[in-house]
Amino acid sequence: MNEDRWMKELSQILEDEPRLDPRLEAHANRELSYGEIQDLKADAERDPELAAAIALHDPLSKGVQSKLQTVIRRAGRWRRRAKHLWKGGALLPIAAGLLLYLRASPAVLPKYALETWAGDSVFRDSSPGVRTLPSMREDSTLQVILRPSDPVQGDLVARLESVQDGQPCAHHLEAEVSAEGVVRWRDRAGSFCPGFYGRVSLKATVALAGHLPDEGSDQRGWQTHVFDVWIRPQADDRSP
Amino acid sequence: MLGDEGASPATVGGLVDRALDGDPEACRCLVSELSPVIQTRVARALLRRRAQARGRNLRQELEDLVQEVFAALFASGGKALKAWDPERGLSFTSFVGFLAEREVAMAMRSGRRNPWTEEPMSPGVLGAVRGAADSHEARVAARQLMSRVADRLRERLTPLGRHYLQVLVFEQRSVSDVAASTGATPASLYAWKSRLGKLIREVRSELLPDGEVHE
């Protein structure tokens, strides 16, 4: 069969569709009078095709219509349940729980690097050459800086603990915290462990507010850097 | 209420929402307004495929399919019905009829509804379609293939697409002539013509995978 003939026949098949008796649609719509329905059925007695078509166009019974209403109601059941729960306030605890969960989810602090200024010398925790303890006179300036890789959102708390011979030192150093989250302790070296000379271990901790280690926080909310420094008396110019 | 003049997307959307919210009056109204058009489209589809019925009760098939169409139309918050836009040229009932026809064609083509699922064409039939002889067998096979092509075209084309298929492809009227009679731009009609030709080739190659129909 050639292309033209094929297309022509395809066109005829597509055109065949509307050749149904127009009374059938009216019948399905319950628009025919009793007399018109009788005429249609009389015609169908002579035409089996029409009879088959009428059987499919007889209006849907009340029972089927009722089933269709059920189909619609069933389609809307989740929507109604959600509305009901919302109206009844049952979703409020769920929403509140979700909010609490989100608020309680682990806070994350960016990675901090330690920088120690002992007089004019700077030691960084990533510097490969840092092997010897910085030694400094008690009247030299010691700066301990914790610098974040990215600016920090939210409030920070910082704590510096110093220990000498296993005993904690009492000091009065206050941390300065910049808007970007840089934490700095700066003072005379002797102030880091007043009254003591020799090796002092310093433990610098930075945390998001409410996330200090002793507050039971996940470690992603805080970081600690530990390093040692040798502090010698003002009169002593010897290195350890 | 949803007749050709009375409906607007807002009234349709409101009524659908009320029905989904369980309003019995809205449900009744939608069933009485939509079921005749859905029924006639389903009936038409069943009559077209009557040869495949294999003794099934067509009335029962019709009622089941009408329910399936209703379920599809009201799924996802009635998204399908709410997509109606009168600016696109179809009245609400024609739009529902179009959706129903497409849904029925998909249901019948998928495995969901035996015995309507298409059977693959046998090698004998394919041979006859491609064969040189204009035998009775070849004509029957070609007719069978064309019926399937027609079904798939009905499934994929909107009423506007079908109109353009008729005038641009089958009647081969000139673009300028169709542009003058429809008000469409020649550029859009050239695009339609090209798209329709491609669609027919696609559908035919889906059904007749490796060959053209030729003499």
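**A sheet edge and a helix contact**

In chain A, A:V163 stands opposite A:P168, a residue of strand β6(A). The model is predicted, so local features need pLDDT of at least 70 and side-chain atom pairs count only at pLDDT 80 or more, while totals for chains, interfaces and linings use all residues. Residues are numbered from 1 along each chain as its sequence is written, and chains are lettered from A and ligands numbered from 1 in the order in which they are written.

Strand β5 (residues 156–164) of chain A runs antiparallel to β6(A), and two bridges join them; strands pair if DSSP finds at least two bridges between them. Helices (H or I, at least four residues) and strands (E, at least two) are DSSP runs, numbered from the N terminus. These two strands belong to an open sheet of five strands with mixed pairing, in the order β3-β10-β9-β5-β6 (chain A). Because β3 (135–137) and β6 (167–168) of chain A each have a single partner strand, they stand at the edges, and one side of each is left without a neighbour in the sheet.

Chain B, by comparison, has nine helices and zero strands. The contact between the chains takes 32 residues from chain A and 38 residues from chain B, where residues are in contact if their C-beta atoms, placed from the backbone, lie within 7 Å. On the chain A side, α1 (3–16), α2 (22–28), α4 (48–57), α5 and α6 (77–87) each supply at least two residues. The largest share, nine residues, comes from α5(A). That side of chain A divides into 18 nonpolar, seven polar and seven charged residues; Ala, Val, Leu, Ile, Met, Phe, Trp, Tyr, Cys and Pro count as nonpolar, Asp, Glu, Lys and Arg as charged, and the others, Gly among them, as polar.

Helix α5 (residues 62–75) of chain A and helix α3 (residues 58–82) of chain B have axes that come within 9 Å and cross at roughly 25 degrees. Axes are lines fitted to C-alpha atoms, for helices over the stretch in contact, with angles from 0 to 180 degrees between N-to-C directions. The helices α5(A) and α3(B) are therefore roughly parallel to each other; angles under 35 degrees count as roughly parallel, over 145 as roughly antiparallel, 65 to 115 as roughly perpendicular and the rest as oblique. A:V64, A:K67, A:L68, A:V71, A:I72 and A:A75 of α5(A) make this contact with B:E63, B:Q67, B:F70, B:A71, B:F74 and B:A75 of α3(B). The residues of this helix contact comprise nine nonpolar, one polar and two charged.

How values were computed: Contact = placed C-beta atoms within 7 Å.
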